[in-house]
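Please look through the sequence and the model shown here before reading on.

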Amino acid sequence: MSSEVAARRDAKKLVRSPSGLRMVPEHRAFGSPFGLEEPPWVPDKECPRCMQCDTKFDFLTRKHHCRRCGKCFCDKCCGQKVALPRMCFVDPVRQCLACALVSRKEAEFFDKQLGVLQSGATFLVTLGSSEEPETMLCRLSSNQRLLLLDGDSHHEIEIARISTVQILAGGSTLAGGSARATGMSLQYSAPGSEGATQLKLTAGEDANSSRRQAMVWLAAMHKAAKLLYESRDQ
């Protein structure tokens, strides 16, 4: 991809919506796969009472819309302003109590784990039907849309095309308990191919900084997968 095309894909613009200022991709198709669309607001005429505490709205008790769910609340139930990067808001925005709790939990991903994914980690990578694993640096692209694999060869996997993510332990799927994670298995649909392609990432066995970095990266990728599924279910 040329630098000019890459720059065009990463270009952003400042827009004003009823909910506040947003820094969004210039081209909608190049938005983050972890993003959420702004919800439609419940019309004022359809919410004479707070949708949380049932307080009746009047001249003194004003109604407010949660920027995350679009429902209508009184100030007591929707008075918190919390960062909402999944909708590209520049500043913290008003959210109801339930949505504010979710947004605060997500903040750790955007504040810490996203940086971990973009810094990358080294794994033994088995791609598709390949029999020989290759040592590769795995990282998330700056626009959050691609999983980049760099070694003797180079591969790019669209995050939005990943269908399943499983943490592996001892060669099997981790189902809880104290089993030690060894890697991750992903399935994705490659453009122009039928069926799913499997990608297996295996961390090194040595207890060194490289393995520790790989374990942190796997935990961040697992969180990213959860956000990805939530975006699809919106």
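At 0% relative accessibility, Cys66 counts as buried, a word that means under 20% relative accessible area, whereas exposed means over 50% and partly exposed in between (1.4 Å probe, protein chains only). This is a predicted model, in which local features need pLDDT of at least 70 and side-chain atom pairs count only at pLDDT 80 or more, while totals for chains, interfaces and linings use all residues. Residues are numbered from 1 along each chain as its sequence is written, and side-chain values use heavy atoms, with hydrogens and water left out.

**Cysteines**
- The structure holds 0 disulfides, a disulfide being a pair of cysteine sulfur atoms within 2.5 Å.
- Cys69 is partly exposed, at 26% relative accessible area, and because its sulfur lies 3.6 Å from the closest cysteine sulfur, in Cys66, the two are too far apart for a bond.

**Cavity**
- The largest cavity, lined by Phe34, Ile159, Ile162, Val165, Met221, Ala224, Ala225 and Leu228, takes 4 residues of its lining, the largest share, from α3.
- Two elements, β11 (162-169) and α3 (209-233), each give two or more residues to this lining, where helices (H or I, at least four residues) and strands (E, at least two) are DSSP runs, numbered from the N terminus.

**Strand pair**
- Strand β1 (residues 12-17) pairs with strand β2 (residues 20-25) in the antiparallel sense over 6 bridges, and pairing requires that DSSP finds at least two bridges between two strands.
- A hairpin joins β1 to β2 through 2 residues, and Arg16 stands opposite Leu21 in β2.

Key:
1 Å grid on protein atoms, 1.4 Å probe; cavity = no way out; pocket = protein on both sides within 12 Å on 5 of 7 lines; lining within 4 Å.
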